[in-house]
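Biologist: Hi! Could you walk me through part of this model?
Modeller: Happy to, here it is.

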Amino acid sequence: MNKLLLTALCAAFAAPAVFASAKCETHPKSEWIKQEDFKKQLEGQGYKIDKFKVSGQCYEIYGKNKNDKKVEIYFDTKTGKPVKSEVQQ
């Protein structure tokens, strides 16, 4: 019984992480904006990037925007357009 409860608790805590990701359109890697170029572009817009990674078909950043608010943003790898963002209020 304890094993069943532990499994249910783990599933409950894991579920929100699944919903936190974004759905980006799939593009051939040859069409993706180069990671270094995209990071420079974002920094030019005032972002301070603490972490930059590929998340599925998205680029994802953790850092701060030009207003010094914490952000987590997912971007389309071909267009660079934001797909989903969370900004600290």
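Biologist: How many bridges join β1 to β2, and do they run parallel or antiparallel?
Modeller: Seven bridges join them, and the two strands run antiparallel. Strands here are DSSP E runs of at least two residues, numbered from the N terminus, and two strands pair if DSSP finds at least two bridges between them.

Biologist: Before we go on, what should I know about the model and the numbering?
Modeller: The model is predicted, so local features need pLDDT of at least 70 and side-chain atom pairs count only at pLDDT 80 or more, while totals for chains, interfaces and linings use all residues. Residues are numbered from 1 along each chain as its sequence is written, and side-chain values use heavy atoms, leaving out hydrogens and water.

Biologist: Which residue in β2 stands opposite Lys53?
Modeller: That's Glu60. β1 and β2 form a hairpin with two residues between them, and Gly56 in the turn has a positive phi of about 65°.

Biologist: And where is Gln57 found?
Modeller: In the loop between β1 (48–55) and β2 (58–64).

Biologist: What does Gln57 touch, not counting residues up to four places away in sequence?
Modeller: Cys24, Glu25, Thr26, His27, Trp32 and Thr77; contact means heavy atoms within 4.5 Å.

Biologist: Why does Gln57 count as partly exposed?
Modeller: Because its relative accessibility is 27%; buried means under 20% relative accessible area, exposed over 50%, and partly exposed in between (1.4 Å probe, protein chains only).

Biologist: New topic: which residue in β3 is opposite Tyr59?
Modeller: Phe75. Seven bridges join β2 to β3 (residues 70–76), again antiparallel.

Terms used
Helices (H or I, at least four residues) and strands (E, at least two) are DSSP runs, numbered from the N terminus.
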